[in-house]
Amino acid sequence: MTTVLTAPPRIGRQSIGALGILALALGALQSVVEPAVPLLQRELGVSPAEGALVANALLVTGAVVAPIAGKLGDRYGGRRVLVWLMTVVSAGGLLAGVAPNLPVLLLGQVLQGVMVGALPLSFILVRKHLSTGQTQAAIGLVVALFTGGGMVGTLVAGPIAEGLSWHWMFALPTIAIIAATVAVTRLMPQDPPAQPDHRIDWPGVVLLSGTLLALMLGLVTVTNAGLPPLAIAAVVVVVAALATGWVVVERRAVSPMVDLRMLAKPAMWHACVLTLVITISLGMVLLMLPQLFAVDADGYGFGAGTTEIGLFLMPGAIAGALSDSVGGVAARRFGPRAVIVVGSVATAATMIALAALHTEAWQLAVAKAVIAFAAGIGTTALLAGTATTVEAKDTGIATSLLVVTRVIGVALGSQVGGAILAAGTDSSGRPAESAFVTGFVIAGLVAALSLLVVRTTKKGAHA
């Protein structure tokens with residue numbers, strides 16, 4: 001039985017600002033690795049495959065931890081669990097800041113990966129302390145600042161590493177996270193737990209974690225090293241078996257980790273399907289555009305280095321940050337379905353146009369900005385709409401499932417994009433121009449698929 005002792009107090013701009021600053025610092029810590037992977041490989045004396053593990057370790061951990069964090073937040077209160085998680089993240093950031101070798105750095109990244117759980121926990125807090133309309137706007141702001149933090153991390157990683165050392169790339173954002181966590185603790189009132197009398201469904205936690213871990217490790221392995229067909233089939237069988245076992249356990253649990261009745265509601269699973277489709281197409285472009293910028297200029301590419309690629313992609317990063325803020329407001333004013341339709345049309349049209357128009361750097365930069373904005377408003381509208389549609393006690397787990405879906409979609413899209421480029425690689429090791437054309441067309445068709453999903457699930461899309 002759900003027990004509510006008192007109505008949670010309303011919160012002001014300072015509390016939301018503290019959550020936003022925390023999201024900004026977390027986004028920066030998450031993103032510093034991407035532009036610095038070549039530097040880390042040289043400093044640590046490791047191969048590119050080993051260097052890729054640094055970023056992938058955080059991704060895998062985040063996908064596993066997010067739903068657990070959301071469920072614990074629903075049970076014990078969002079602020080309390082958020083502080084727990086930030087303690088772990090801070091330990092990981094400081095550990096990475098003093099790491100003498102790759103194993104220690106990987107351990108730091110694994111600990112930092114729990115930061116993904118901060119988003120659903122923030123959503124729990126704003127849902128409990130704000131009205132429905134204010135909640136949607138606040139969620140958009142928090143996600144926007146997390147995305148903006150990623151932009152900041154990408155920009156400052158190089159100067160910090162070159163001016164100080166790569167250790168400070170991790171240490172400085174971690175110090176900001178610690179300060180922001182203290183501010184959240186002081187400004188955000190304690191939210192009462194929604195389900196204080198039920199035991200945690202540990203079998204469900206273990207099986208869901210195992211399912212996500214097997215899925216993400218399979219994706220990472222295929223992306224980095226490739227797998228033969230039999231091995232891929234084995235991964236699929238393992239994931240399916242774990243998922244089936246989880247469903248069986250959840251159906252029998254008195255207090256399941258995920259209420260399958262909630263997950264079976266059209267509003268919820270339609271949001272998951274749409275989020276997956278949108279982020280798959282986005283993930284393909286996120287992988288292919290930097291590769292196209294880096295192709296030798298004597299062919300069809302631009303021969304851009306790391307710093308130049310970052311500058312070319314900057315308009316897209318800014319657009320992505322703005323889209324997360326606009327997505328929450330747009331969902332409140334026009335409804336998630338209308339936002340998704342507009343975003344999907346813009347995304348699909350831009351990707352198809354890229355197949356023909358990719359000979360100038362500005363064309364790619366503009367396309368990245370349009371795609372980032374259009375996809376961002378769609379996924380954020382779904383997130384904000386779902387957060388205010390489910391029961392308050394399920395806010396954490398519902399939004400965390402959508403966050404995990406976003407992570408999986410981007411990872412899967414990157415894998416598909418990489419496979420297309422690899423299949424079109426010539427004898428010199430450079431992808432043919434036709435491979436990029438094919439990739440852009442397929443990404444556009446995937447984005448257009450979301451329109452079909454919206455049409456066939458019209459009622460659910462209103463969530």
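## The second largest pocket

By class, the lining of the second largest pocket consists of 15 nonpolar residues, two polar residues and no charged ones, where Ala, Val, Leu, Ile, Met, Phe, Trp, Tyr, Cys and Pro count as nonpolar, Asp, Glu, Lys and Arg as charged, and the others, Gly among them, as polar. A pocket here is an open set of points, on a 1 Å grid over the protein atoms alone, where a 1.4 Å probe fits, with protein on both sides within 12 Å along at least five of seven lines, and its lining residues have an atom within 4 Å of a point.

Of the 17 lining residues, Leu212, Leu215, Val404, Thr405 and Ile408 lie nearest the centre of the second largest pocket. The elements that give two or more residues to this lining are α9 (202-224), α10 (229-252), α12 (266-294) and α16 (395-423). The space in the second largest pocket is about 550 Å³, a volume being the space filled by probe spheres set on the grid points, which are joined across faces, edges and corners.

## The model and its overall make-up

This is a predicted model, in which local features need pLDDT of at least 70 and side-chain atom pairs count only at pLDDT 80 or more, while totals for chains, interfaces and linings use all residues. Residues are numbered from 1 along each chain as its sequence is written, and side-chain values use heavy atoms, with hydrogens and water left out.

The protein has 18 helices and zero strands; helices (H or I, at least four residues) and strands (E, at least two) are DSSP runs, numbered from the N terminus. Of the 463 residues in the protein, 54% are buried, a word that stands for under 20% relative accessible area, with exposed meaning over 50% and partly exposed in between (1.4 Å probe, protein chains only). Among contacts with a separation of 6 or more, 83% join residues 24 or more positions apart, contact meaning heavy atoms within 4.5 Å.

Leaving aside residues up to four places away in sequence, phenylalanine 170 touches several residues, including Leu29, Gly93, Ala96, Leu105 and Gln112. Glutamine 112 lies in helix α5 (residues 102-112) and counts as buried because its relative accessibility is 0%. Beyond its neighbours within four places in sequence, glutamine 112 is in contact with Leu29, Leu58, Val89, Gly92, Gly93, Ala96 and Phe170.

Valine 370, found in helix α15 (residues 361-387), counts as partly exposed because its relative accessibility is 32%.

Alanine 338 has its place in helix α14 (residues 336-356) and is partly exposed, with a relative accessible area of 37%. The C-alpha atoms of alanine 338 and glycine 378, 40 residues apart along the chain, are separated by 9.1 Å. Glycine 158, in helix α7 (residues 132-163), is also partly exposed at 30% relative accessibility, and its C-alpha atom is separated by 8.5 Å from that of methionine 169, eleven residues away along the chain.
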